[in-house]
Amino acid sequence: MALQEAMSIYRGTLRAASKFTDYNFRHYFARRAREDFRAFYGSTQVDDASRKAFLEKAKENLNMLERQSMVSQMYKVTSPITRRLSFGPGVGPLQSTVMATREA
């Protein structure tokens, strides 16, 4: 039962992490979840009290990630204009930005 609950929390954490709009946040939270679960369940000495404490903390983190991913989706940040433009030959980022603002 405890293993099923841990796997459910783990999958939920990865799912919540994947909902972040920012690449860095998505990958950081997914990596952090993998590291935490592997470190805890990879250790040989796991008693019921520490397992229960770990799962409670993991549930709190999951709830926090779900809330923060919703906030992340509400306030989506567009990439800077220099990243959205394709630069032609001999045209640098500053010149492309000036040209894009003149065209708009």
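Predicted model: local features only at pLDDT ≥ 70, side-chain atom pairs only at ≥ 80, totals over all residues.
Which helices each supply at least two residues of the lining of the second largest pocket? Residues are numbered from 1 along each chain as its sequence is written, and side-chain values use heavy atoms, with hydrogens and water left out.

The protein chain has five helices and zero strands, so that from the N terminus on its elements run α-α-α-α-α, where helices (H or I, at least four residues) and strands (E, at least two) are DSSP runs numbered from the N terminus. Of the 104 residues in the protein chain, 22% are buried; here buried means under 20% relative accessible area, exposed over 50%, and partly exposed in between, with a 1.4 Å probe and protein chains only. The accessible surface comes to about 8,000 Å², of which 56% belongs to carbon and sulfur atoms, the areas being from the Shrake-Rupley method with a 1.4 Å probe and, for residues, with only the protein chains shown counting as cover. Among contacts with a separation of 6 or more, 52% are between residues 24 or more positions apart, and contact means heavy atoms within 4.5 Å.

Not counting residues up to four places away in sequence, Y10 touches A33, R34 and F37. As general background, in soluble globular proteins nonpolar side chains tend to be buried together.

Now to the opening question: α2 and α3 each supply at least two residues of the lining of the second largest pocket, and the largest share, six residues, comes from α3. The lining consists of T13, F29, R32, A33, D36, F37, F54, K57, A58, N61, M64 and L65. A pocket, on a 1 Å grid over the protein atoms alone, is an open set of points where a 1.4 Å probe fits, with protein on both sides within 12 Å along at least five of seven lines, and lining residues have an atom within 4 Å of a point. The volume of this second largest pocket is about 230 Å³. Its lining residues divide into seven nonpolar, two polar and three charged.

In helix α1, R11 counts as partly exposed because its relative accessibility is 44%, and its C-alpha atom is separated by 9.4 Å from that of A33, 22 residues apart along the chain. L14 also lies in helix α1 and, at 25% relative accessibility, counts as partly exposed; leaving out residues up to four places away in sequence, L14 touches A30 and A33. S72, in helix α3, counts as buried because its relative accessibility is 13%, and beyond its neighbours within four places in sequence, S72 is in contact with F20, T21 and D22.

Conventions: Points joined across faces, edges and corners; volume = space filled by probe spheres on them. Nonpolar A, V, L, I, M, F, W, Y, C, P; charged D, E, K, R; others polar.
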